[in-house]
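This briefing is for a reader coming to the structure for the first time. Please look over the sequence and the model before reading on.

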Amino acid sequence: MRSPIITVQNLNKHFKVRKHHRGRMAGLRNFFTHEYRLVRAVDGVSFQIAPGELVGYIGPNGAGKSTTLKMLTGLLVPTGGELYVGGRIPWKERQAHVASLGAVFGQRTTLWWDLPVIESLDLLQHIYRIPEARFRQNLDEFESLLELGSFLDTPVRSLSLGQRMRADICAALLHDPKLLFLDEPTIGLDVVAKERIRQFILHINRERSTTVILTTHDLSDVEKLCERVMIIDHGKLLFDGTLEALRERFNGRRELAVDFAEAYESVEIDGAQVVAWDGKHATYQFERKVITASELIGRLSARYQIHDLEVREPEIEATVRRIYEERLLES
Amino acid sequence: MQWHLDMYRRLLAVQLRSQLQYRTSFALDAISSALVSAIEFAAPMLVLQQFGNNIGGWTMGELALLYGMIDTAYALTDLLFGGFDPDYFAPMVRRGTLDQLLLRPTNITLQILGSEFRLRRFGRIAQGGIILVVALALVGVRWTPAKIAYLPVVLLGQAAFFGGLFIIGSTSTFWTVQRVEIINVFTSGGRVAMCYPMHIYTKWVRRIFTIVPVIFLNYYPALYLLNKPDPLNMPAIAPLMAPVVGFGLLAAAFGFWQFGLRYYASTGT
């Protein structure tokens, strides 16, 4: 890998959490207790990210994602290990470090709530000391790509979720950051809006070689955007590789939910297992290695009259749990 | 440095524009703030009239001086240090807004100072100022150039003191999560206590107010301005202690704040 933009070596973050008593007099005992247990939120994580990569960083809730991100952004000081971003130690050089990164949080905005969007952006220009010409150039480009024109003068509090996300992404990129963190950027958006955001992210990554780290629970975000995926659970990095490698490794069971046109006596089919059935609706489980979704649909359509169907990918939580269990078995 | 001042000015301007967006709310706020202040002042004064118009030998005008100074100073603190008001700061930390500020390449203290510039406090400052001016007129201060220079210094010292208390209260929320009520004892309690001449308190209360050197913030400056003799026989330097105490606490509070930030960086929310 040519000189990586992010180097993480054996990164640790441990928290001391007060032991919680249960049972009689628990409240009182909790008040006086001095016993702690150690929570290893991030436990020996190592990876490198090259400039221009678009990486997914996923895991279940409580896996250690936010903790890692907080260390990468410089908000949190690690307990151990090494961490370099752009040649700097994030928490040691906070202001310099933060000037070259952008962050978008799906759950909340970075803009000023009561002010029109454009005034927030103007303020950010001064905070990030963006030269006027560059600011204008970026703003014009993002305005047209994200179609911000219609609501630049609207206060942030009056924006729809989709509009707010677009404004936030614009705000995060005005200062030409080399590194962009996206935390649930498409959460709560409709399909069209999601697609628009994804296209924009791809564009930024390709045109400006911005390194992007995406944290999300939406597996389709990952599938559409990321060449590389890292999976974390229980503080440990369980997987670091391409999406194909992940699929192969996972080898998991997908589901096909079918609404039949009429109630059949039996809905058995070769290559898939019926896991739920109530007359007119059935759910099949099938494995990618054994049969593809289109093959299965083909077989079913040949046999039965189908009203509607839906392919369900395994939930990311289930995927990760499975991988975790696998690893447990391996070691 | 210039950039920092510029940044502070811009952050304040943002606050102003934000608050002026809600014009009715702002107007009502300013009016009600002023009314509350007026009532807070009027009530003890009315009670006083029942007790022969003086406390410990101090006349209404002299008491109004004590009150006017503290009121103006506290309103000034509320205006400038609003961002560090524990009632505002604690929820801000809980919501993750502090993290957001830490993600910007600007000094964090500056950002917090610029984040709650409460415009409506101007009403409160004006009102405190009016009481102060009226009081000064009532008591007929024998003005000297020293006294003229002294008054604003004392007010700033008092404001710094309250600002320090705010910062200490807010920083403690890193450890206690909920705001620390005990700080209110000093801010609100201290304010009320300082509005009366200290010699009316019993010895042990005065002791407390000397150790927590509140006695120097309002009482001694008043003695100096009014040319009254010191019934407590403090060293002659006592009137000069006001800004020392105020800015001293503020400096200590900033130190504590830096310490708190480091703690926050190692434990997060």
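The points below cover a sheet in chain A and a helix pair in chain B. The model is predicted.

**The sheet of chain A**

- In chain A, six strands make up an open sheet of mixed pairing, in the order 5-6-7-3-8-9.
- The edges are taken by strand 5 (101-105) and strand 9 (236-242) of chain A; each has a single partner strand, so one side of each has no neighbour in the sheet.
- From one strand to the next, the twist averages 15 degrees.
- Strand 3 (residues 54-58) and strand 7 (residues 211-215) of chain A are paired in the parallel sense, with three bridges.
- Opposite Leu54(A) stands Val212(A), in strand 7 of chain A.
- Helix 2 (residues 65-73) of chain A packs on this sheet and touches strand 3, strand 5, strand 6 (179-183), strand 7 and strand 8 (228-233) of chain A.
- The direction of helix 2 of chain A makes about 155 degrees with that of strand 6 of chain A.

**The helix pair of chain B**

- Helix 2 (residues 23-50) and helix 7 (residues 121-139) of chain B have axes that come within 8 Å and cross at roughly 30 degrees.
- Angles under 35 degrees count as roughly parallel, and helix 2 and helix 7 of chain B are therefore roughly parallel to each other.
- The crossing of helix 2 of chain B past helix 7 of chain B is right-handed.
- From helix 2 of chain B, Ala30(B), Ser33(B), Ala34(B), Ser37(B), Ala38(B) and Phe41(B) meet Gly123(B), Arg124(B), Gln127(B) and Ile131(B) of helix 7 of chain B.
- Sorted by class, this contact between helix 2 and helix 7 of chain B has five nonpolar, four polar and one charged residues.

Note on methods:
Residues numbered from 1 in each chain as written. Chains lettered and ligands numbered in written order. Predicted model: local features only at pLDDT ≥ 70, side-chain atom pairs only at ≥ 80, totals over all residues. Axes fitted to C-alpha atoms, helices over the stretch in contact; angles between N-to-C directions. Helix = DSSP H or I, 4+ residues; strand = E, 2+ residues; numbered from the N terminus. Parallel < 35°, antiparallel > 145°, perpendicular 65-115°, else oblique. Left-handed = near helix turned anticlockwise from the far one by under 90°. Contact = placed C-beta atoms within 7 Å. Nonpolar A, V, L, I, M, F, W, Y, C, P; charged D, E, K, R; others polar. Pairing = 2+ DSSP bridges.
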